[in-house]
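Hi,

Here is the structure I promised to pass on. Have a look at it first, and my notes on what turned up follow below.

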Amino acid sequence: MSAIERDVVIIGAGASGLTAATKLRAAGLSVAVLEARDRVGGRLWTNHIDGAMLELGGQWVSPDQTALLATLEELGLDTYSRYREGDSVYVDAEGVRTRFTGDIFPVAESTAAEMERLITLLDELVEQVGVTEPWAHARAKEYDRISWSAWLAEQTDDVEARDNIALFIAAAMLTKPSHSFSLLQALLMAASAGSFTHLVEADFILDKRVVGGLQQVPIKLAEALGEDVHLSNPVRRLEWSEDGVSAEADNVTVNARYAIVAVPPNLYSRIDFQPPLPRLSHQMHQHMSLGLVIKVHAVYETPFWREDGLSATAFSPYELVHEAYDNTNHEDPRGTLVGFVSDERADEVFKLSAEERRERILTSLSHYYGEQALSPVVYYESDWGSEEWTRGAYAASFDLGGLSRYGAMQSTPVGPIYWSTSDLAAEGYQHVDGAIRKGADTAEAIIARHQA
Ligand SMILES: Cc1cc2nc3c(=O)[nH]c(=O)nc-3n(C[C@H](O)[C@H](O)[C@H](O)COP(=O)(O)OP(=O)(O)OC[C@H]3O[C@@H](n4cnc5c(N)ncnc54)[C@H](O)[C@@H]3O)c2cc1C
Ligand SMILES: [Mg+2]
């Protein structure tokens with residue numbers, strides 16, 4: 001076991017930790033990044049499965065994610081647009097499939113009007129609550145004590161309008177059942193993307209992908225950091241005092257002036273903090289948990305849906321796969337579909353055998369695209385819930401009441417220990433853009449304190 005001295009030890013080589021390390025080093029501070037896995041990137045993981053390049057984790061970039069876009073530019077990474085020519089499809093509660101264009105689903109006129117009304121109302125609430133301190137809004141406690149589903153039920157009797165609006169935040173974003181988080185948490189999610197309207201606009205929120213995969217961001221950042229990134233080194237113990245920290249990983253101990261814990265909050269308690277963290281931190285951390293979603297990849301010889309005039313963009317709050325898209329790689333002759341199975345539906349299919357689960361999921365895809373969807377040449381399920389160093393997908397959020405109770409202190413350093421992850425971000429919350437913003441902000445805070 002070797003021991004090294006650095007100004008800052010960074011725990012976690014995801015987008016957030018590596019951004020912080022890069023900025024700190026640029027300011028002249030020495031760093032060491034300790035990573036549990038044998039690879040960098042955390043929730044960014046571009047892998048080859050049975051000959052297909054798949055984005056197992058995060059992949060999409062939207063036009064307002066300016067921190068991520070700037071990083072892509074700095075690293076010389078190119079983007080391309082998600083395929084979006086042709087019709088989208090919607091499946092209703094009776095299983096009827098309808099093609100449509102634009103963002104509002106092909107529902108009865110009265111339901112469409114209710115959806116529009118709710119979207120406008122939510123955009124107003126999002127603007128009032130804002131993204132930086134939703135917990136500080138005058139009505140924060142009130143908005144944090146009602147669940148997303150209960151609030152929607154108060155707004156409209158139109159069940160289909162409600163189910164569709166619920167989907168945009170619950171299954172599609174926080175990946176938790178809509179009864180398990182608050183209206184305030186939902187508003188933060190929407191605010192972090194600019195507006196609720198943005199979440200409804202697939203062409204905005206899922207705009208671009210990175211040629212060669214988004215994991216190149218952490219890979220390139222880590223390459224520049226060189227030997228200061230230590231893989232296969234989970235930090236087991238963090239000793240701290242007002243004077244500094246000592247981070248003990250499996251093969252190395254880093255003694256530093258400051259630590260950045262750049263892991264999702266559900267993993268904080270995997271580290272043995274000595275002395276223990278303050279009472280309020282202990283409490284707060286137990287109210288932040290990861291959502292659960294299976295990202296399903298199905299690769300076909302050709303993007304057959306395109307010949308049928310379909311973009312592959314598909315939604316249904318009533319389908320096992322609640323949303324799906326064309327996920328064909330840049331200049332790849334084969335066609336790839338990506339679909340998502342969230343929260344309680346993921347629980348249900350994980351009880352099945354792998355064969356049965358695959359069949360249920362492909363059957364759901366066939367409801368959108370027809371029989372050809374049943375026979376992919378490559379099929380893969382990203383199962384982040386089984387990953388020891390993540391334990392869910394996409395990210396962590398507060399349970400009912402948690403955001404107003406603890407949000408104001410979620411990023412407050414404890415002595416020399418700082419917290420940095422997409423799951424604590426404002427803009428770009430739960431996204432790579434937020435991971436980068438948070439990493440840059442945390443580095444800046446440490447640089448200022450170090451120079452003071
Ligand atoms: C399936 C999926 C799809 C997604 N899709 C998108 C998308 O399209 N667009 C988008 O912007 N975002 C998407 N996201 C979210 C995005 O990937 C994350 O918000 C972002 O990558 C988080 O970065 P991070 O650095 O905050 O955390 P992480 O990437 O989780 O990094 C934390 C790192 O810490 C390590 N670690 C944990 N514990 C320890 C320990 N004790 N010691 C040392 N190391 C430790 C982990 O191994 C990991 O490498 C998706 C996520 C998933 C899972
Ligand atoms: Mg990180």
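**Helix packing**

In α3, the residues L122, L125, V126 and V129 meet L183, L184, L187, A190 and A191 of α7. Sorted by class, that contact has 9 nonpolar residues, with no polar and no charged ones. Before you go further, bear in mind that this is a predicted model. As for geometry, the axes of α3 (residues 109-129) and α7 (residues 183-192) come within 9 Å and cross at roughly 85°, so α3 is roughly perpendicular to α7.

Helix α7 also packs against α6 (residues 159-174): here the axes come within 10 Å and cross at roughly 75°. That angle falls in the 65 to 115 degree range, which means α6 is roughly perpendicular to α7. On the α6 side the residues are I169, M173 and L174, and they meet Q185, A186, M189 and A190 in α7. This contact divides into 6 nonpolar residues, 1 polar and no charged.

**The ligand site**

Next, ligand 1. It is surrounded by 37 residues, and the closest are E35, R37, R43, T421 and S422. By class, the shell has 21 nonpolar, 13 polar and 3 charged residues. Two helices, α1 (15-26) and α16 (432-451), each supply at least two of the shell residues.

Some polar contacts to check in your viewer:

- E35: a polar side-chain atom lies 2.6 Å from an oxygen atom of ligand 1.
- Q59: a backbone N or O atom is 3.1 Å from an oxygen atom of the ligand.
- Q430: a polar backbone atom sits 3.3 Å from an oxygen atom of ligand 1.

How much of ligand 1 does the protein bury? Taken alone, the ligand exposes 1,000 Å², and the protein buries 98% of that.

Most peptide bonds are trans, and most residues other than glycine have a negative phi. Here are some exceptions to look at:

- Q274 and P275 are joined by a cis peptide bond with omega about 0°; P275 is in the loop between β13 (272-274) and α11 (279-285).
- The bond from A393 to Y394 is also cis, with omega near 0°, and Y394 lies in the loop between β19 (378-382) and β20 (396-398).
- E331 is not a glycine, yet its phi is positive at about 55°; you will find E331 in the loop between β17 (323-326) and β18 (335-342).

Cheers

Key. Residues numbered from 1 in each chain as written. Chains lettered and ligands numbered in written order. Predicted model: local features only at pLDDT ≥ 70, side-chain atom pairs only at ≥ 80, totals over all residues. Heavy atoms only, no water. Near = heavy atom within 4 Å. Polar contact = N/O pair within 3.5 Å; in protein donor to acceptor, adjacent residues only side chain to side chain. Areas by Shrake-Rupley, 256 points an atom, 1.4 Å probe, with all protein chains shown as cover. Helix = DSSP H or I, 4+ residues; strand = E, 2+ residues; numbered from the N terminus. Nonpolar A, V, L, I, M, F, W, Y, C, P; charged D, E, K, R; others polar. Axes fitted to C-alpha atoms, helices over the stretch in contact; angles between N-to-C directions. Parallel < 35°, antiparallel > 145°, perpendicular 65-115°, else oblique. Contact = heavy atoms within 4.5 Å.
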